[in-house]
Amino acid sequence: MLKSIGIDAGGTLTKMAYFNEHGQLMLESFPSNDLQLVKEWLKQHPNVEEIGLTGGRTEQLREQLETMKSIEYIVEFEATLKGVQYLLVKEGHQIDNAIITNIGTGTSIHYMENGQHVRVGGTGVGGGTLVGLATLLTGHSDFKEITKLASTGVRENIDLLVRDIYQGMDTPIAGDLTASNFGKVGITATTEHPQADVLATVQGLVGEVITTLSIQFAEQKETAYIVYIGSTLTDNEDLQKVIANYTILKKHNPIFLQDRGYAGAVGALLNMNK
Ligand SMILES: Nc1ncnc2c1ncn2[C@@H]1O[C@H](COP(=O)(O)OP(=O)(O)OP(=O)(O)O)[C@@H](O)[C@H]1O
Ligand SMILES: [Mg+2]
């Protein structure tokens with residue numbers, strides 16, 4: 001019977017993980033600005049006895065839940081790494097060291113080695129940036145709409161590529177690399193661009209900043225692998241492509257987990273069954 005659940009209350013989404021009666025891992029998510037929904041879910045699942053809790057919205061969720069259940073808190077980075085290790089094995093990856101890049105509302109980057117981990121850095125450019133810039137530039141604020149529209153867009157009229165600068169000469173680095181994200185707009189002084197193109201370019205910017213940073217840490221730590229997680233990658237082929245292409249170009253191996261948004265929730269769940 002369902003007794004324990006893990007919850008990762010993040011800046012944007014609150015993720016939940018539990019094992020059902022067949023031992024299958026079940027995953028659900030709720031918007032963090034409506035934590036009442038989590039409370040309602042729990043009322044509908046009265047068998048839940050204990051909750052593993054993590055994420056920056058932990059205290060808000062605690063207030064919502066009052067003293068309904070027994071709660072075991074775990075620090076977000078611990079939970080995430082526990083979850084990543086579990087999901088890597090579950091999904092058949094055999095690696096013992098990697099950079100872990102969590103593209104949440106913001107982006108947090110870790111180095112994992114033999115079950116240990118350290119936070120190596122991060123950037124404020126993340127999923128929140130994607131949605132924020134998309135909203136400002138196009139009026140679209142729904143993540144699904146943004147990613148759907150972005151997938152039909154092209155970046156070539158907005159981004160400036162290396163070959164756009166080195167016209168008629170050999171380029172010092174690959175010509176199709178981005179020289180300047182959004183850089184063509186200022187040079188051509190064109191203000192009219194289809195929304196899809198603008199959104200595709202925002203995805204490119206976000207993906208490339210995150211990948212550039214992740215690669216630098218991978219080089220510093222001398223690891224071949226970068227595991228990219230976080231809900232920003234959910235049903236977002238295009239962002240994955242931006243990240244994968246650039247990571248591979250820089251001679252590292254990108255890994256995308258299937259349950260990419262749920263590492264923290266899974267870790268919070270496993271923390272109770274230790
Ligand atoms: N249904 C959705 N609603 C809103 N954003 C979504 C949705 N699905 C995916 N996203 C994207 O995922 C991002 C949030 O990712 P994630 O859930 O990993 O972060 P978080 O845990 O809430 O934030 P943080 O870890 O930074 O506190 C959003 O910024 C958005 O880009
Ligand atoms: Mg998070």
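A quick definition before the questions: Ala, Val, Leu, Ile, Met, Phe, Trp, Tyr, Cys and Pro count as nonpolar, Asp, Glu, Lys and Arg as charged, and the others, Gly among them, as polar. Keep in mind that this is a predicted model.

Q: Which class, nonpolar, polar or charged, has how many residues in the lining of the largest pocket?
A: With Gly and the like sorted as polar, the lining can be split by class. It holds 11 nonpolar and eight charged residues, and the polar count is 22.

Q: How much space lies in the largest pocket, and which residues are the closest to its centre?
A: The space comes to about 950 Å³. There are 41 lining residues, and the closest to the centre are Thr12, Leu13, Lys15, Ser231 and Thr232.

Q: Which domains each give at least three residues to the lining of the largest pocket?
A: Elements supplying at least two lining residues include strand 1 (4-9), helix 4 (127-138) and helix 10 (263-270). By domain, the ones that reach at least three are domain 1 (4-80 + 263-270) and domain 2 (127-158 + 193-256).

Q: Which element gives the largest share of the lining of the second largest pocket?
A: This pocket has a volume of about 700 Å³. Two elements give two or more residues to its lining, helix 8 (195-221) and helix 9 (237-249). The largest share is seven residues, and it comes from helix 9.

Methods: Residues numbered from 1 in each chain as written. Chains lettered and ligands numbered in written order. Predicted model: local features only at pLDDT ≥ 70, side-chain atom pairs only at ≥ 80, totals over all residues. Heavy atoms only, no water. 1 Å grid on protein atoms, 1.4 Å probe; cavity = no way out; pocket = protein on both sides within 12 Å on 5 of 7 lines; lining within 4 Å. Points joined across faces, edges and corners; volume = space filled by probe spheres on them. Helix = DSSP H or I, 4+ residues; strand = E, 2+ residues; numbered from the N terminus. Domains from an automatic or database assignment.
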